[in-house]
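Visitor: Got a model loaded here. Can you walk me through it?
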There are 2 protein chains.
Amino acid sequence: MADLPVSPLAPKGGFPELPAISGVRFSAIEAGVKYAGRTDVMLAELAAGTTVAGTFTKSKTRAAPVLDCQAKLGGSSEGPAAFLVNSGNANAFTGIAGVEAVQAVTGAISDALAIDEARIFTASTGVIGEPLPAERITGVVAGLKDGLASDRIEDAARAIMTTDTFPKGSGRVVEIDGAPVKITGFAKGSGMIAPDMATMLVYIFTDAKIAFDDLQPLVSGLCKGTFNCITVDSDTSTSDTLLVAATGASGVEVAGKARFAAALFEVMDDLAKQVVRDGEGATKFVTISVTGAADNEDAHRTAMSVANSPLVKTAIAGEDANWGRVVMAVGKSGAEADRDRLSIRFGDVQVALNGQVADGYDEAAATAHMKGDEVSVGVDLGIGDGSATVYTCDLTAQYIAINADYRS
Amino acid sequence: MADLPVSPLAPKGGFPELPAISGVRFSAIEAGVKYAGRTDVMLAELAAGTTVAGTFTKSKTRAAPVLDCQAKLGGSSEGPAAFLVNSGNANAFTGIAGVEAVQAVTGAISDALAIDEARIFTASTGVIGEPLPAERITGVVAGLKDGLASDRIEDAARAIMTTDTFPKGSGRVVEIDGAPVKITGFAKGSGMIAPDMATMLVYIFTDAKIAFDDLQPLVSGLCKGTFNCITVDSDTSTSDTLLVAATGASGVEVAGKARFAAALFEVMDDLAKQVVRDGEGATKFVTISVTGAADNEDAHRTAMSVANSPLVKTAIAGEDANWGRVVMAVGKSGAEADRDRLSIRFGDVQVALNGQVADGYDEAAATAHMKGDEVSVGVDLGIGDGSATVYTCDLTAQYIAINADYRS
């Protein structure tokens, strides 16, 4: 992939300062899986006793590493564990060779780091359908081991980028029962983003102490309000993976602690929004808020219909306050709607009220809102109490250029 | 709308020679609804006794003329009838003003042509949400009446174009019980094309003799295999309308005649494919055929998931035999699928077989197929007997340019 300019929506100030998590070390290396002149494999080593929870794509054609992770989740938390991820090749739709590649990689890590294979979670991201050259990864395991350090999280985040234009990190420190608990994480994702129960690749680490049976439902629940509320292009990856590792090194038990859940939500929400900010070709960060729906599911369906509409997304790219296309996308969503109760806002500007253009609608004000790099679209269905918010980006010619020219 | 170059996929030879239908006269005129320097209103006058059947968008935000047509369908077929269509304004999401605009237009036509308002079917296509200036249309009714002629079908087809780059016509003459029966029709549509029980605007005329109760189920049934099998951009219009008028002038009763149904299917199929051929920014006509699905519904869902995937459509634009993206789109469709039974073809080239790249796969041959302007993608799910075929086009930067710059 040729170097793309950094997204204009990237967070200012670059990769954030993140707290180191006791019990977690990172490494990254150039294995030449597909890309040249950059790192493309990352390793995270997790101390003995680390709890691992996660969510994964629901795709019917999910990749070999995803199936392997799903089979391993919920096993013993006793020994050490590891995450290993390569970019450049998704190891998806590769049949028995894909399974063997996962085994080769996990076997090499197991031997080198003395970790039970059942505790090694891998992922692969990149082109679908090409056999993964596992020997390029197994050949650098010694180098990966030598490079392990607790402060290399940004290196790890960079090694898993594909069409991403910036590495995405987020962290929080919260005080629980008088002691600090740390959470850090990173993500990759830019295209093929319409997660279905997970997102592209997300790795979150905490020194909190929490059992799998408590952590897994917390992660699954928070995922619904974060990664499942973003879309770049309505296409769902075969590799979506979110893993959360809790080392317990802080000694602070966090099961049932609302403050921990809130901090974990903030990290997941931040990473999810950074994925949208790096949406392929994006020039606008778009928030779609739906209220007044029959229920929350209808609200989410309506918001996703607006967020995935190519005509809405191109209008936003063109800075056109074209609310007629929002009406169209509401109408096709399948959710309960009544044309004559529908109201629409762009930013704070009331555009339409009860099924027609609002009295005194100020198109100049609406257009001014569209010219900013943060656009918000409000839809009130006027029927019930359901609400939902989703995040997306605009659709530009750069998206076409990236995807017509790049085999990702 | 600035003049767009004619689609490279337009049928060679321009608008076809179409048989005149006894009992039908057409007219077109410039009313200045929105566009300048071109016709934008068309009138079709239908002889007394003409049967009218149709299908319409299922959108929850459908336009005032659509609601008016739906209320009128199935009424008496005794007197004369008329279709009146304007381009430039969709009269959608216009509240009570929209209803009044329909009444003003149908009232003026009723007065001028002595046709019962209950037999006057209107449609509007163009920008959503702006009040329709009905007085511009009522002001040209006398001119429309004066211009009526049986051979002006191409003029009528041109008057309803918006982002269309060519007028779309189709006709057939079939012999039934020893007598010729004629069918002609025209359509408009280029973007906001993902019809849900109908398409943008389609008008079909025949001199066959057939009652409403026979014609309507025939039209609805054929619609499922034609207009409901195309998609340009996954966005469903607020105005989709298909009307079929049978004047009976041939004296040939066609209820239950398979030959008539086949000819009507051919006209509808031809017009549906012409809409795809004029897809906004299209450079490739794409056929997606799915076999081996659990049932026909699953096959259709899978085919539409592939046809609407922006990553598949941009790969086709880039002439990249990127079958991994087809795998992705199959996986996200929601239909039953088994990764290890999935097979994929591009043209006649077997790309993947039973969940992985086919032995001896010839990428050069697949790429050669992608370079043509007709691309076919075959997906076999290997599960059951369900099959479906849908038609779409590629997604190019020109689609973005048209829709980021044009308020349609």
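Visitor: Which domains is chain A divided into?
Guide: Domain 1 (24–277) and domain 2 (285–405). The bounds come from an automatic or database domain assignment. This is a predicted model: local features need pLDDT of at least 70, side-chain atom pairs count only at pLDDT 80 or more, and totals for chains, interfaces and linings use all residues. Residues are numbered from 1 along each chain as its sequence is written, with chains lettered from A and ligands numbered from 1 in the order in which they are written.

Visitor: How many Å separate the centres of domain 1 and domain 2 of chain A?
Guide: 33 Å, taken over C-alpha atoms. Ten residues of domain 1 of chain A are in contact with eleven of domain 2 of chain A. Contact means C-beta atoms, placed from the backbone, within 7 Å.

Visitor: Switching to the chains. How many residues does the contact take from chain B and from chain A?
Guide: 55 from chain B and 55 from chain A.

Visitor: Which element gives the largest share on the side of chain B?
Guide: α10(B), with eight residues. Helices are DSSP runs of H or I, at least four residues; strands are runs of E, at least two; both are numbered from the N terminus.

Visitor: Now Ala48(B). Where is it found?
Guide: In the loop between β2 (41–46) and β3 (51–56) of chain B.

Visitor: Why is Ala48(B) classed as partly exposed?
Guide: Because 14 other C-beta atoms lie within 10 Å of Ala48(B). Buried takes 20 or more, exposed 12 or fewer, and partly exposed is in between, with C-beta atoms placed from the backbone.

Visitor: What is Ala48(B) in contact with, leaving aside neighbours within four places in sequence?
Guide: Glu78(B), Gly79(B) and Pro80(B).

Terms used:
Contact = placed C-beta atoms within 7 Å.
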